[in-house]
Amino acid sequence: MTLGFIAMSGIRCQNAELLEIGLTLPGFLERSKVIASLPSLGLLTLAGLTSADVEIGYVEVPDLAQVSGLPGEFDVVAISSFSAQIKEAYQLADRYRAAGTLVLLGGLHVSACPDEAALHADAIVIGEGEPVWPELWADLKACRLQPRYNARGRSFDLAEAPMPRFDLLDITRYNRITVQTQRGCPYNCDFCGASIRLDPHYKLKPVSKVIDEINRVRELWPHPFIEFADDNTFADRRRGRELCRALIPLGLRWFTETDISVAWDNELLRLMKESGCAQILIGLESPDTRELEGVERKANWKRRQADRYREAIARIQDAGVTVNGCFVLGLDQQDTTCFDRVLEFVRDTGLYEVQITLMTAFPNAPLYGRLLEKGRILEPGAWEKCTLFDINYQPAQMSVSELENGFRELGQKIYDREFIEERRRRFFQRQNELRQQRAVAEGA
Ligand code: B12
């Protein structure tokens with residue numbers, strides 16, 4: 001039997017003007033170029049759980065419009081899903097089913113909208129794939145495939161994680177490879193549509209397993225750049241230190257997403273730098289305490305951190321780790337003055353990298369239900385707008401065009417080449433100063 005893992009890859013943006021600007025603004029472009037070529041770790045992971053008698057292929061489809069017919073012939077296909085590309089995934093699923101191929105659908109969007117997805121698949125998986133994949137395949141082989149496999153409530157223990165099939169990739173096509181060290185997040189942000197929506201637990205993969213996975217990547221690519229496909233790598237700082245210690249001998253360069261609390265752990269910062277951390281991405285969301293009210297739903301955690309954002313960024317960057325500060329524009333507490341505040345904050349702090357996105361109502365996030373109830377979702381079901389660069393809801397204190405224009409203008413300022421270079425220069429100058437100070441102190 002042949003099984004094709006089909007990744008709907010690439011980046012998405014419906015707003016033609018932003019897309020156009022994206023092509024000329026280095027900041028937008030650089031990050032897009034870097035991330036657009038990441039493989040689907042979810043599918044490689046399921047491939048690692050698939051029995052050896054199944055012949056496996058892995059295909060990426062960055063743009064379905066460029067594919068006439070099918071991107072590969074298989075008996076069964078497993079297609080992954082994010083909201084932004086789900087309509088393409090459904091089209092492809094329909095094409096495969098018309099050709100007599102069995103279609104399996106899973107992933108974040110399918111888990112959020114199972115009834116919709118079921119119309120395009122022979123079987124769907126809700127939640128994490130691992131807990132139900134072996135059972136699904138046993139049923140499939142015995143010709144008793146069920147229409148739904150629900151993994152909710154069957155939290156997968158990452159100590160049991162299979163080795164992702166990195167060997168299925170043409171490794172020369174990628175500038176980074178993803179490895180996952182944890183799933184979930186101890187916090188619950190209103191707009192978050194990431195892995196916490198598959199399984200609510202914050203869970204960690206044993207460090208030895210992470211290292212085995214990286215070593216597997218290194219067999220294919222001796223000096224890889226690793227992007228951890230995590231939601232909050234260092235929420236557990238003790239284990240974070242353990243992870244970094246184990247990474248040091250590998251001589252890697254790596255990137256991850258985490259929260260601001262790393263700033264207060266000097267030992268962790270030192271180990272991050274020593275183990276090759278090139279950058280951490282932190283969801284700051286807004287520089288303004290008032291605007292962060294209620295964003296984190298469990299304990300208003302983000303609002304409570306904001307007063308110390310400036311000091312925290314300085315501490316992390318002083319440790320030699322660059323910060324990619326992420327801001328969400330269009331929060332309910334924001335009015336048209338929010339754009340200037342973000343710009344000023346970026347200027348003051350000298351954030352090395354900045355990512356601005358529009359608040360987005362993903363179908364699996366609490367925000368979506370809240371806005372739908374209030375009639376603020378502009379076009380229910382327009383999942384193609386779930387790109388972080390398109391507006392799919394009525395902002396509370398701005399018009400849609402005010403938000404769109406403010407966002408575009410802020411992007412033009414933040415991604416202005418000179419401004420980027422100025423921030424980078426400032427980072428390296430400060431590193432030099434600190435090096436000199438250390439040399440003086442050591443000499444004394
Ligand atoms: C790596 C990544 C990418 C890569 C994806 C590469 C690829 N082809 O998969 C790239 C850079 C291309 C990318 C692009 C985009 N991304 Co992205 N990305 C991520 C990131 C950082 C990690 C995802 C990951 O690898 N998770 C680990 C794997 C193991 O989990 P998983 O994919 O969910 O798979 C598990 C289950 O879902 C399930 N499963 C998945 N697929 C299938 C299929 C079947 C058949 C079955 C049975 C099970 C199953 O089993 C897996 C194991 O349990 C997350 C943020 C995060 N920290 O999670 C954002 C994230 C997924 N991205 C997001 C977004 C918005 C985008 C873009 C729209 C951005 C843009 N404007 O272009 C595009 C969409 C592109 C597209 N083609 O759809 C959102 C999605 C929210 C949502 N609900 O849809 C996230 C959560 C980030 C965020 N800010 O909210 N992204």
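**Strands and helices**

Visitor: What stands opposite E285 in strand 13?
Guide: That's F327. Keep in mind that this is a predicted model, where local features need pLDDT of at least 70, side-chain atom pairs count only at pLDDT 80 or more, and totals for chains, interfaces and linings use all residues. Residues are numbered from 1 along each chain as its sequence is written.

Visitor: OK, and in which sense do strand 12 and strand 13 pair?
Guide: Strand 12 (residues 277-285) runs parallel to strand 13 (residues 322-329), with six bridges. Strands are DSSP runs of E, at least two residues, and helices are runs of H or I, at least four, numbered from the N terminus. Two strands pair if DSSP finds at least two bridges between them.

Visitor: What about strand 14 and strand 13?
Guide: Strand 14 (residues 353-358) pairs with strand 13 in the parallel sense, over six bridges.

Visitor: Switching to helices: how do helix 9 and helix 10 cross?
Guide: The axes of helix 9 (residues 237-247) and helix 10 (residues 266-274) come within 9 Å and cross at roughly 25°. Axes are lines fitted to C-alpha atoms over the stretch in contact, with angles from 0 to 180 degrees between N-to-C directions.

Visitor: So what do you call that, parallel or antiparallel?
Guide: Helix 9 is roughly parallel to helix 10 because of that angle; angles under 35 degrees count as roughly parallel, over 145 as roughly antiparallel, 65 to 115 as roughly perpendicular and the rest as oblique.
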